[in-house]
Each structure stands twice: as structure tokens, then as C-alpha cells.
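I opened the notebook to record what I looked up in this structure, beginning with the chain as a whole and then going on to sheets, helices and single residues.

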Amino acid sequence: MDNQQQKQQYEAQHPVDQELQNYDASDIQVLEGLEAVRKRPGMYIGSTGPRGLHHLVYEIVDNAIDEALAGFCDRITVEILPDNVIRVQDDGRGIPVGIQPKLGIPAVTVVFTVLHAGGKFGGGGYKVSGGLHGVGASVVNALSEWLEVEVRDGEHIYRQRFERGHSMYDLKVIGDTTDRGTTVTFKPDGEIFEVTQFEYETLLTRLREQAFLNAGVEITLTDSREGEPTETVMRYDGGIRSFVEHLQRHKEVLHPDVIYFQDETDAGLAEVAMQYNDGYSEVLLSFANNIHTSDGGSHEVGFKSGLTRAFNDYARQKGLLKDNDQNLAGEDVREGLTAIISVKVSDAQFEGQTKAKLGNTEVRPLVEGLVYSGLSTYFEEHPAVAKTIFDKALGAARAREAARKARELTRRKSALETASLPGKLADCQERDPALTELYIVEGDSAGGSAKEGRDRKYQAILPLWGKMLNVEKARLDRVYGNDKLMPVVTALGCGIGEDFDLSKLRYHKVIIMADADVDGSHIRTLLLTFFFRFMRPLVEEGHICIAQPPLYQLRRGKEVHYAYTDAERDQILAEMNSRSQAKIDVQRYKGLGEMDPEQLWDTTMNPESRILLQVEMEDAARADEIFTVLMGDKVGPRREFIEQNAQYAQLDV
Ligand code: TTJ
């Protein structure tokens, strides 16, 4: 049956009124919609940087996952092909190819050419709404140099191709098949995106998350670009329980099994998985309709209050807290906790600037009740586990009290010594924090060069030296009074932990400058761990940067170049050699100390020529993992991690 026949059959079965059928202006309207997307891509995908680029893939994959959730698909493959082309394939029913009566074109064409057409064909259930998600396949099409969709309906293979949103030919049958499924192949438009290079790890993290959230669905990611071909197959029948195990794989857990609760009411469906480890940080990841809600919302609020209430009720009842004891605080009962909350609601409201906060008020009591009653029962049934967890929480409460006392002490001290900036700090002249930079420099000699080479108008220098407290192992109370970290705290001026106040930050750029070697990497990691644990908003708001000193100096007579990577060195060498055959002197810098003040300024501190890496905390779980693996006790995973991520550990950490 060809399209015309399909259309006739469809129309015979689905009589529609005349007005809707005469929709001959539809094509024009379609293209106007997609042109709007190309004019203001940020409005639809957030950004045209790497984030927006990767978002295209998620947008397509989400459609296949919906088909899996509907129960018609159990395998999804995502391939990064040469030239950064993406192919997503599922074994579902195939996007319908029948004529959509309103527009008079095949439904699959509508999906790729009409804005907000996504989700229309789904069979009810918990649909995504709002936010950047579910903007639909048409947005991906509009922002692709080309896109091809192939549908297999068990009889025919259909295909249609688009270029920058324009159809190259109508949907056509290109062959026969007994298979079912949908394949979408696209190349993001280099005219739209600042970068078109896909990161395997970025896609992997997000696809793995989706595999955890959709238990039983098999998601495969392959990379067949030049170089080493790679493939990861992910299928987790344990769902979010497996997610918690995955996040804790490098940690010492306090109880063998992941605690899990689930409930469904009129408000929707809620699932919680949680497990404690012997560390001090909290990892809480929440999702609503499979979308990561990084700003929390009603489900997180419900989780936290249910958890705190269950702990305190049990502790009172069992006499673990005496009558005149204070209640355990929320942060006490979440120390060392890794938890995943996943809710599905029929009308999800995403709020806030980034649409990453769940607003539905009915979800709070759902999750709170689930966690309260689930945990109360769990404690009764597992008294030994309960004891271990309570000891941990009571320890946290005592440390919190000790930290409060230490803080009072420092407060009193600083009230006495009014000008209490650290002695080693070479401050700048400018007083507006928005215009100033603080370089935290490893070692006294590099610190000396930096002091001489800087622009003292707006650049301040704080040298650090010696071995620092390993903050992964330390609670807040030990940071106060630590002679390496306190100068950093006082120089920044914004306090730590509960006291933290971003508005008091004295320098809006905080630049870690250390050698490009193992020791330098160590000090970077320590400082980043510290910022991550105790001044997290500094990282979240993008205030932390890493200076990148050059690795090489290339010199021929008076001509001097600097290279920041091996590849760059080779490129510069080739370019210099092409001009003259005279000998080039290549010096590898072993440390910042080898540079004189002027060189340090030229290569690493001058905003005109330096390279700064802004530290991002895209994913709290991943960051926490890096810190834990690099700093924690389990030596095995640490070595493995450093080997696998040598590049990352050097550049980003
Ligand atoms: C909708 O209801 C009727 C049967 O087919 C359902 C559907 O649309 N299924 C579907 C869509 N399966 N897979 C997709 C899909 C897959 C990819 C990779 C991309 C897109 C846009 C849709």
C-alpha cells in the first residue's frame, strides 16, 4: 500500500471535519517553526555548546525509551559514527507512517517537522512535560546538517531524509522487512554548534543513568570513530538499586544490602534506594519522569523529612536519644548516605530557572510517607544495621557540635584581630571582588615568581606549601585550625560549611596554579576536594579555575613559542621548521619554579594569553566518585582510575 492508499484508508477510518482536512498551508507553517529553532537554538536546547550538542542525542533516545516504557521495545543502541554522526536505533513498533489527518502527511514526518509534536502518539502513562526535555525530534532535525529516519513496521522499510529541517523527499518505501523498529541518524549542524565533537563519557554517563532508571532495558553505546572502537552494553534488572551499588562501588559500605522502597498512589509512583558508606559526604540524586532534578524539589523535601523523622522517632523509642538530647539534624542522618529518588507523575511541573526542580506538591507526602514507614519497618526488622547507621548519625551530630564550637572560637578570634588576612597573602589593590583574582600557588618559589610577575592591581597571590589535610577523611571540625586550609578560608572570606556565604567572596576568580606533574595533580585534587566538600557553591557557580602552565618552550634565537600540549608542540615545530632549518631549542618545563616572573605572566597569568580551565560540577555523583577514588582508602580502584583517566586527572583535577 503506498502513501496515497494509506491516506485514503486512514481517512475512511477516521472521518474528520472539512476544515481540518483543508490544511494546505501546513508545509509553510512547518518550516517557519523549524526556522525559529535555527534562529534561537538556545531557547530549545539550552545552549549551542557541548551541553546542547549532547542534548540532541538525549532528545532522540528519550523517544526510544518511551517506547520501551510502553513495553514494546527492550533494546536501544546509540552509535557515534565517524564524523560525529549519531545513530539511535530501537526495536519498538516503529513511528507510525500512516497519514496524520490534520496535516495530511505521514505521522513520522510530522514528528520530525512540527514543533512540540513529541509525545502525541504515546499511550498515556507518565509523560514528560516542560523544561528542555521533550522538545521533540523536530528540534533535533532543525539543528542537524542532515537527518535520516528509517521505520520498519514488520513489512516495509520506510525512509525520509532532511537537511537543516527541509525534507529532501517524501517518506518512501525502500524495501521489505520482517523487523520492527526505528532508526534515526543525524549529523549536528556545524553552523549552529560551537563544537560538534561528542564525548563518549558524557553520553555513557547519561545513558547509564537511563538504563538504571528503566530496569530491564538494554542500552548499548558504541564509538566507531577513528581510533580505538569502544562499546558498552548496559542493562540493570535491579533498577535504581543497581544505581546505588554503582555509585558506591569504590566505597566501604556500612550494610551489605541496598535499602529499597516503592509505592504508587493517586499522586504517582515513587521509588527510593539508599545505602550508607563510611565516608562523610551525601549523594542524593533525584529524578522525576526519568529527568534528573538537580535542584531537587518536592520529592527531595519529602525524602529528607521522612528520613529525619524515621530516625528521631526510632531513636526516642529505643532510648538512643535521652529526653534532654537534641534531635538528630537532617545532615546528621544523611552523612555517608547515597540515595536515589525516582518519581513518576502524570503531570510533572518543572520549576526554576533551569527547570530542574520538581514543583508538584502532592509528591512530597507520597515520598515522605514511603520513606518514613519503609525505614521504620526496616529498622525494626534489621536492628544490627539500624545500630550501625545510628552510631554513624550520632557521630555526625557530635562532630557538628565540635565544629560549632571551633567556629565560635575562630569567630571570637577574628573579632579580636580585625585585619586577619593570612600573612602569606599578597593582596591586590582592587576592592571590587567581581574584578579580582586569587592565585593559589603551590610552593614558595613559584609563589615568589607569581608575586613578581602578577598584575597587582587585580591579582592576589596565596602561596601554599607542604602536605595538606586529606579532606576526604576529615569532617568540618578538623578544617578549623588546619594551618594549610585556614589561610585559604580567610583569604576567600566566605566561610565554610553551614557558615558559607557566597556574597562575602573576596575574589570572583579563584585560580589553582600548580605544576603539571604528579605532585601538582595531588594538590589540585586536594584543593578541589576541599572546595567541593565545604564550599560547593564556589564550584557550582564557576568560580574555581585551574591555571594551565605550558609544557614546553620552543626557542630559535629571539623567537619564542610556548606549547600547552604535545600536539601543539609538534604543530609549532613543524611550522617553525617549514620556515627555516636552523636548530630549535625545545625545553620541557618541569615546574612553575623554572619560569621567571615575566615568563609566568606571559604564559600562565596574562588574561590575554593564558589558558584557564573552569572547573564544572556537571554531575555531583561523578565528581564525588572522582574525589572518593582519588582520595579514599580503597587502593585498587584508585590506581585503576588514575590509569583510565590520566588525562582527566592531569587536566581537570
Ligand atoms: C507510538 O504509538 C504507535 C506505535 O509507535 C509508537 C512510537 O512512536 N514508537 C516509537 C517511536 N518507537 N520508537 C520511536 C522513536 C525512536 C527513535 C530512535 C526516535 C524517535 C523520534 C522515535
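Entry 1, the whole chain. I looked up the contacts first (heavy atoms within 4.5 Å), and found that residues 24 or more positions apart account for 67% of the contacts in the protein chain with a separation of 6 or more. I noted that this is a predicted model, in which local features need pLDDT of at least 70 and side-chain atom pairs count only at pLDDT 80 or more, while totals for chains, interfaces and linings use all residues. Residues are numbered from 1 along each chain as its sequence is written, and side-chain values use heavy atoms, with hydrogens and water left out. I then read off 23 helices and 26 strands in the protein chain, where helices (H or I, at least four residues) and strands (E, at least two) are DSSP runs numbered from the N terminus. Of the 653 residues in the protein chain, 51% are buried; buried means under 20% relative accessible area, exposed over 50%, and partly exposed in between, with a 1.4 Å probe and protein chains only.

Entry 2, the sheet around E13. I traced an open sheet of 5 strands with mixed pairing, in the order E12-E13-E16-E14-E15; two strands pair if DSSP finds at least two bridges between them. Its edges are strand E12 (259-265) and strand E15 (291-292), each of which pairs on one side only. Inside the order, strand E13 (residues 268-276) pairs with strand E16 (residues 337-344) in the antiparallel sense over 8 bridges, and I picked out valine 272, whose bridge partner in E16 is isoleucine 341.

Is methionine 274 buried or exposed? Methionine 274, which has its place in strand E13, is buried, with a relative accessible area of 0%. Leaving aside neighbours within four places in sequence, I listed the contacts of methionine 274, among them Val244, His255, Phe303, Leu307 and Leu375. Phe261 is also one of these contacts, and the C-alpha atoms of methionine 274 and phenylalanine 261, 13 residues apart along the chain, are separated by 9.1 Å. I then went to glycine 279, in the loop between E13 and strand E14 (283-288), and found glycine 279 buried too, with a relative accessible area of 10%. Apart from its neighbours within four places in sequence, glycine 279 is in contact with Glu335, Gly336 and Lys392. The C-alpha atoms of glycine 279 and lysine 251, 28 residues apart along the chain, are separated by 7.9 Å.

I found strand E9 (residues 180-188) mostly covered, with 8 of its 9 residues buried. Strand E2 (residues 85-90) runs antiparallel to E9 and is joined to it by 5 bridges, and strand E5 (residues 144-153) is likewise antiparallel to E9, with 9 bridges. Which residue in E9 stands opposite valine 88? I found valine 184 there, and valine 184 is also the bridge partner of valine 149.

Entry 5, a second open sheet. I followed 5 strands in the order E20-E19-E21-E22-E26, again with mixed pairing, and noted strand E20 (459-464) and strand E26 (612-614) as the edges, each pairing on one side only. Neighbouring strands of this sheet are turned by 25 degrees against each other on average, direction ignored; axes are lines fitted to C-alpha atoms, for helices over the stretch in contact, and angles run from 0 to 180 degrees between N-to-C directions. Strand E19 (residues 437-442) and strand E21 (residues 509-513) pair in the parallel sense over 5 bridges, and leucine 438 stands opposite valine 510 in E21.

The axes of helix H5 (residues 50-69) and helix H8 (residues 200-213) come within 11 Å and cross at roughly 25 degrees, which makes H5 roughly parallel to H8; angles under 35 degrees count as roughly parallel, over 145 as roughly antiparallel, 65 to 115 as roughly perpendicular and the rest as oblique. From H5, I noted His54, Val57, Tyr58, Val61, Asp62 and Ile65 meeting Thr202, Leu203, Arg206, Leu207 and Gln210 in H8.
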